[in-house]
Amino acid sequence: MACHSLIYTPPPHPHQPPDPPLSSSFAASHYRHQNLPTLNFHFKKICNSHTRRMDSLVCALAADNKVMSGDRMLVFVPPHPLIKHWVSVLRNEQTPCPVFKNAMAELGRLLMYEASRDWLPTITGEIQSPMGVASVEFVDPREPVAIVPILRAGLALAEHAASILPATKTYHLGVSRNEETLQPSVYLNKLPDKFPEGSRVIVVDPMLATGGTIVAAIDLIKERGVDNSQIKVICAVAAPPALTKLSEKFPRLHVYAGILDPTVNDKGFIFPGLGDAGDRSFGT
């Protein structure tokens, strides 16, 4: 069963002629359904034995409008009904704080499952089952995935990381945003001085709005020896300003989002978004 990939690129540089898009009524109608900005579409079908018969929606941003995926950031929006359900719960202004926090945690669990597909180091061998010898494959516990929740809202989205990933280490990173200048400020940094070579890092930040916070966080992680291709970002909602900044600065980065929203208002909040994820998760 083929999986459908929706690939979009930002408008090209003014001095660069645009690539002719491959038209697709499915791609265009899906994107319009989300009320997102108009972008160039390239639609194709792919067949991959590792997809395990699951449809995947892949949105790929390329700051330089290149076609080769190795040179660009990829944004994945899995079209799973449970992801849509929990995003809808988060959107509802009537959702009470405990339910909101639980919905954020469940969404994080699903997105981490998607992000870890074909990415975790494994070891193979044989074990004795009750009925005989069986070939097995385990996630290698000697190479734990580093989870970096950006406080405080990231704590809710990362709550189930240890239950879905067999081996993890959590490093807290506190970043606040000036509500007038929208510039980030790091107030807590529990990252190691240096990540072990080959470390895989998942950065968890529910709202990718203007992009200042997530860019500051990834800069700190890269300073400690982690390559872009070894970093994955988990978010509930993402907007074009943040995705554009990330795609320009971090090629080969992978972002997993519950949904993409069309715009950010003058106060730096995603619209329609889901409000202040930290306030709504913790009631303060």
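Biologist: Where is Asp140 found?
Modeller: This is a predicted model. In it, Asp140 is in the loop between strand S6 (132-139) and strand S7 (145-151).
Biologist: Is Asp140 buried or exposed?
Modeller: Asp140 is buried, because its relative accessible area is 4% and the cut-off for buried is under 20%.
Biologist: Which side chain does the Asp140 side chain make a polar contact with?
Modeller: That of Arg142, at 2.9 Å. Leaving out residues up to four places away in sequence, Asp140 also touches Pro121, Thr122 and Ile123.
Biologist: Another loop, then. What is Arg224 between?
Modeller: Arg224 sits in the loop between helix H6 (212-223) and strand S13 (231-238).
Biologist: And why does Arg224 count as buried?
Modeller: Because its relative accessibility is 14%, and buried means under 20%.
Biologist: What does its side chain reach?
Modeller: The Arg224 side chain reaches the backbone oxygen of Pro192 at 2.8 Å and the backbone oxygen of Leu220 at 2.9 Å. Setting aside neighbours within four places in sequence, the contacts of Arg224 include Asn189, Leu191 and Phe195.
Biologist: Changing topic: which residues of helix H2 are buried?
Modeller: In H2 (residues 81-91) they are Ile83, Trp86, Val87, Val89 and Leu90.
Biologist: Where do they fall, seen down the axis of H2?
Modeller: Within an arc of 155 degrees, so the buried residues line one face of the helix. In general, an α-helix has 3.6 residues a turn, so residues three or four places apart point the same way.
Biologist: What covers them?
Modeller: The cover over the buried residues of H2 includes helix H3 (97-115), strand S14 (254-260) and helix H8 (277-282).

Note on methods: Residues numbered from 1 in each chain as written. Predicted model: local features only at pLDDT ≥ 70, side-chain atom pairs only at ≥ 80, totals over all residues. Heavy atoms only, no water. Helix = DSSP H or I, 4+ residues; strand = E, 2+ residues; numbered from the N terminus. Buried < 20%, exposed > 50% of the residue type's maximum accessible area, 1.4 Å probe, protein only. Polar contact = N/O pair within 3.5 Å; in protein donor to acceptor, adjacent residues only side chain to side chain. Contact = heavy atoms within 4.5 Å. Arc of directions from axis to C-beta.
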